[in-house]
Amino acid sequence: MPASPVVTPAAFIQQRNLVDQVADYLTQAIIGQRFAPGERLSEVQLARDLGVSRAPVREAARLLESRGLLVSQPRRGFFVRALDAGELADIFDLRLCLERHAMERLAGSCPSGALPALRRQVEVLCEASGSGDESRRIEADLAFHRLLIASAGNRRLLRTFDDLAHELRLCITLITKTHEAPDSIAESHHLLLDALASGDAPRCREAIDYHIGVARDYVVQGIEGARE
């Protein structure tokens, strides 16, 4: 039996870095809607377009499958995940659990630098919303909510949010497609800051329930309406 080829550490690191780059490209292409939900990805075409072999494209696709952005079908390849209303509701339900808990923790004990940092991030989000760059706006939106959870001081809570973040990118993209005024998405974050500044736990809970509930309703209703 021939010996397996020896892969040096440097070659392995270079290969992993290439996979990550392809994964980043595919993520941005999906979020930017250059690939439609349900569309099949051609490994051959992607490898040709990116100037790489098929191996890193395949590994990147597997990585995105684990993140919930792609799905695979035997002997057919990888397809962009098309979320249905039930899956979207489940994602938002988990997101609400995470952010509601973070808001309640912060209402009881908010670190001194948390509110100023969150206010600065809202400014970044407002600027991104007016830029016309959807990818930039989505990342700014996620950054605000990640900072909110990070400020609560629970690392496991933050890790769970990070695991959910890839699917949330798809959800935020859908909010943009179904929301009448994208700028108001950024402005609505000020209501969360006002609730946190009050230090009132019930008000914080009500604010985050409304904030995420509105987003959920826009997306779910938009998906259901598109299929009628």
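**A walk from His211 to a helix crossing**

Hi everyone, let's start with one histidine. Leaving aside residues up to four places away in sequence, His211 touches His145, Ser188, His189 and Leu192. Please keep in mind that this is a predicted model. You can find His211 in helix H10, which covers residues 201-226. Is His211 buried or exposed? Its relative accessibility is 13%, so His211 counts as buried.

Now for the cysteines. Cys204 has a relative accessibility of 0%, so Cys204 counts as buried too. What is the closest cysteine sulfur to the one in Cys204? That would be the sulfur of Cys110, but the two are 8.5 Å apart, which is too far for a bond. A disulfide needs the sulfur atoms within 2.5 Å, and by that rule the count of disulfides here is zero. Cys97, by contrast, has 42% relative accessibility and therefore counts as partly exposed.

Next, have a look at helix H4, residues 85-108.

Last stop: a pair of helices. We describe two packed helices by the angle between their axes and the distance between those axes. For H2 (residues 43-50) and H3 (residues 54-66), the axes come within 9 Å and cross at roughly 115°. This crossing of H2 and H3 is right-handed. On the H2 side, the contact is made by Glu43, Val44, Leu46 and Ala47, and on the H3 side by Arg54, Val57 and Arg58.

Note on methods: Residues are numbered from 1 along each chain as its sequence is written. This is a predicted model: local features need pLDDT of at least 70, side-chain atom pairs count only at pLDDT 80 or more; totals for chains, interfaces and linings use all residues. Side-chain values use heavy atoms; hydrogens and water are left out. Helices (H or I, at least four residues) and strands (E, at least two) are DSSP runs, numbered from the N terminus. The expected span of a helix is 1.5 Å times one less than its number of residues. Buried means under 20% relative accessible area, exposed over 50%, partly exposed in between (1.4 Å probe, protein chains only). Contact means heavy atoms within 4.5 Å. Axes are lines fitted to C-alpha atoms, for helices over the stretch in contact, and angles run from 0 to 180 degrees between N-to-C directions. A crossing is left-handed if the near helix is turned anticlockwise from the far one by less than a right angle, and right-handed if clockwise.
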